Amino acid sequence: MTELALECRCGKVKGRVHSVNLKQGNHLVCYCQSCQNFANYLQSDVLNEFGGSDIFQIAPAFISIDLGVDQLKSLKLTDKGVCRWYTDCCKTPIGNTAGAKIPMVGILRSFIAKDQDINAKIGPIMGNVYVKNLDSPLPQSMSAPLSEKRLIFRMIRKILLWKILAKGTPNPFMNSQGKPIVKPHKI
Ligand SMILES: [Zn+2]
Ligand SMILES: [Zn+2]
């Protein structure tokens, strides 16, 4: 078990994922329009050359924000969509939360501190989701071991497991009523 350091670009916001191992979370790339809209809104260079966002999904209870909580901002692109988080200081995309009932936070690669061996800690990309959004199939070099179906199945299993283990709280992005600590704004 090892710790994964989290940090925005300018260093005002810092956090940690406590005790990561290669099997604990889901490491994936999402090609959905909403992730792309979020990155574009922040004018972030987080997307890969095909428009994918590199995401590490983990239960909220494993995450803490240790510094700069007052810099957190949240955003909802649609009424029903996930709550997306970024830092006010340097507009670093942090990731997303999906409401109190789903004990999972998707942390974007842009919020994982660079000065550590990230792949050794969270492992390689397991799979790609929303690839049907792409105009042409991903090149072989971007393929990942799990199919989209198997990855989603794994995600659901993880959510159920984290529910059973009560890993949905504490959640650094939500208060004790399960509401975002910062009211999401619209664009
Ligand atoms: Zn910052
Ligand atoms: Zn997405």
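Donors here are N, O and S atoms within 2.8 Å of the metal (3.2 Å for Na, K and Ca), and water is not among the atoms, so sites may look incomplete. This is a predicted model in which local features need pLDDT of at least 70 and side-chain atom pairs count only at pLDDT 80 or more, while totals for chains, interfaces and linings use all residues; side-chain values use heavy atoms, with hydrogens and water left out. Residues are numbered from 1 along each chain as its sequence is written, and chains are lettered from A and ligands numbered from 1 in the order in which they are written.

**View 1. The zinc ion (ligand 2) and its cysteine donors.** Along the chain, the donors of this zinc ion follow the spacing C-x1-C-x2-C. The protein supplies the SG atoms of Cys-30, Cys-32 and Cys-35, which lie 2.2 to 2.3 Å from the zinc ion. Are these cysteines buried or exposed? Take buried as under 20% relative accessible area, exposed as over 50%, and partly exposed as in between (1.4 Å probe, protein chains only). Cys-30 has a relative accessible area of 6%, so it is buried. Cys-35 also counts as buried, at 6% relative accessibility, and Cys-32 counts as buried at 10%. If a disulfide is a pair of cysteine sulfur atoms within 2.5 Å, the count comes to zero.

**View 2. The whole fold, for orientation.** Helices (H or I, at least four residues) and strands (E, at least two) are DSSP runs, numbered from the N terminus. The protein has three helices and ten strands, and along the sequence they follow the pattern β-β-β-α-β-β-β-β-β-β-α-β-α. Its radius of gyration is 15 Å, close to the 16 Å that the globule rule gives for 187 residues, so the protein is as compact as a globular protein of that length. That radius is taken over C-alpha atoms, and the globule rule is 2.2 Å times the number of residues to the power 0.38. The C-alpha trace spans about 40 × 35 × 35 Å along its principal axes. Of the 187 residues, 47% are buried.

**View 3. Strand β3 and its two partners.** All five residues of β3 (residues 26–30) are buried, leaving the strand mostly covered. On one side sit Asn-26, Leu-28 and Cys-30, on the other His-27 and Val-29, and both faces are covered. Two strands pair if DSSP finds at least two bridges between them. With β4 (residues 53–58), β3 pairs in the antiparallel sense over five bridges, and Val-29 has Asp-54 as its bridge partner there. With β10 (residues 127–129), the pairing of β3 is parallel, over three bridges; here Leu-28 stands opposite Gly-127.

View 4. Why does β8 (residues 93–97) count as largely enclosed by the rest of the structure? Five of its five residues are buried, so the strand is largely enclosed. Strand β7 (residues 83–87) runs antiparallel to β8, joined by four bridges, with Trp-85 opposite Gly-95. The two strands form a hairpin with five residues between them, and in the turn Lys-91 has a positive phi of about 55 degrees. Three bridges join β8 to β9 (residues 105–108), again antiparallel, and there the bridge partner of Gly-95 is Ile-107.

**View 5. Phe-38 in helix α1.** This residue lies in α1 (residues 33–41), and its relative accessible area is 2%, so it is buried. Contact means heavy atoms within 4.5 Å. Leaving aside neighbours within four places in sequence, Phe-38 is in contact with Leu-75, Leu-77, Arg-84, Trp-85, Tyr-86, Pro-93 and Leu-108. Leu-75 is 37 residues away along the chain, and its C-alpha atom is separated from that of Phe-38 by 8.7 Å.

**View 6. The largest nonpolar core.** A nonpolar core is a set of buried Ala, Val, Leu, Ile, Met, Phe, Trp, Tyr and Cys residues joined through side-chain atoms within 4.5 Å. The largest has 44 residues, and those with the most contacts inside it are Leu-4, Leu-6, Val-17, Ile-58, Ile-107 and Phe-111. Helix α3 (residues 148–164) gives the largest share of this core, four residues. Beyond four places in sequence, the contacts of Ile-58 include Val-17, Ile-63, Met-104, Ile-107 and Trp-162.
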